[in-house]
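Colleague: Hi! Could you walk me through this one?

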Amino acid sequence: MKKIAVLISGQGRNLQAILDACAEGRIAGKVVAVISDREEAAGLKKAAHAQVVSWAQYKHRETFCAALADALDAQRPDLVACAGFMRVLTPQFTRSFEGRLLNIHPSLLPRHRGLHTHRAALAAGDAQHGASVHFVTAELDGGPVLIQGRTPVRAGDTEASLAERVMSEIELKIYPQALSWLARGLLIWEAGVIRFKGRPLQVPLSLDDLEPAFR
Ligand code: GRF
């Protein structure tokens with residue numbers, strides 16, 4: 001059983017999908033910590049043992065990340081999943097959790113890093129949009145991508161319709177699946193190479209690769 005920590009700032013829909021997959025045995029893991037940077041995060045209500053490391057209390061990236069690292073280290077997690085966690089982490093933090101720190105980003109990285117990705121995809125006239133799970137490095141939304149799900153941008157799509165489709169049809173499937181593979185040791189990142197089932201991953205995995213339990 002791998003110990004999983006989840007970092008949130010908002011609703012926690014991705015958190016809920018991870019909790020459900022653990023409860024159903026689809027992830028060979030247990031969520032041992034849920035930490036938000038905001039006391040108001042609705043997602044805090046989804047986990048009994050949720051805690052807050054308040055950005056408002058620190059307002060300084062170095063001290064905030066040091067407190068966050070302490071809170072995580074106390075639980076000794078094998079994997080740390082940023083799930084709608086809206087804080088930029090320090091290089092020291094990302095280095096100390098390298099290889100076990102993941103993020104989900106609502107775009108087809110490397111397109112549309114940062115905020116307002118659905119708006120950006122519509123404004124750019126992209127034919128496709130989606131979400132990516134990547135290992136976190138010091139470069140914001142820049143670490144190696146392990147799985148990416150795509151959806152066509154439809155005529156009439158709005159920021160809200162696209163966000164909902166990316167969330168329900170992609171994010172809520174690919175994040176639990178990625179964590180499941182990681183927990184089973186089928187997916188690893190070492191010496192700069194992502195390996196999936198022993199072989200170097202040349203291109204990110206896709207929705208076609210999802211196991212039946214995650215479709
Ligand atoms: C998701 O779209 C995630 O990719 C993003 O923020 C949103 C978080 O939603 N960066 P939730 O808190 O998981 O509901």
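Modeller: Happy to. His116 is partly exposed, with a relative accessible area of 47%; partly exposed lies between buried, under 20%, and exposed, over 50% (1.4 Å probe, protein chains only). This is a predicted model, where local features need pLDDT of at least 70, side-chain atom pairs count only at pLDDT 80 or more, and totals for chains, interfaces and linings use all residues. Residues are numbered from 1 along each chain as its sequence is written, and side-chain values use heavy atoms, leaving out hydrogens and water.

Colleague: What is phi of His116 near?

Modeller: Near 55°, a positive value in a residue other than glycine. Most residues other than glycine have a negative phi.

Colleague: And where is His116?

Modeller: In the loop between β5 and α5. Helices (H or I, at least four residues) and strands (E, at least two) are DSSP runs, numbered from the N terminus. Pro110 lies in that loop as well, between β5 (101-105) and α5 (117-123), and a cis peptide bond with omega of about 10° joins Leu109 to Pro110.

Colleague: Is Ala191 buried or exposed?

Modeller: Exposed, with a relative accessible area of 83%. Phi of Ala191 is positive too, near 50°.

Colleague: Switching topic, which residues touch the most other members of the largest nonpolar core?

Modeller: Ile18, Val133, Leu146, Ile147, Tyr175 and Leu179, out of 38 residues. Such a core is a set of buried Ala, Val, Leu, Ile, Met, Phe, Trp, Tyr and Cys residues joined through side-chain atoms within 4.5 Å. Helix α6 (residues 159-183) gives the largest share of this core, 9 residues.
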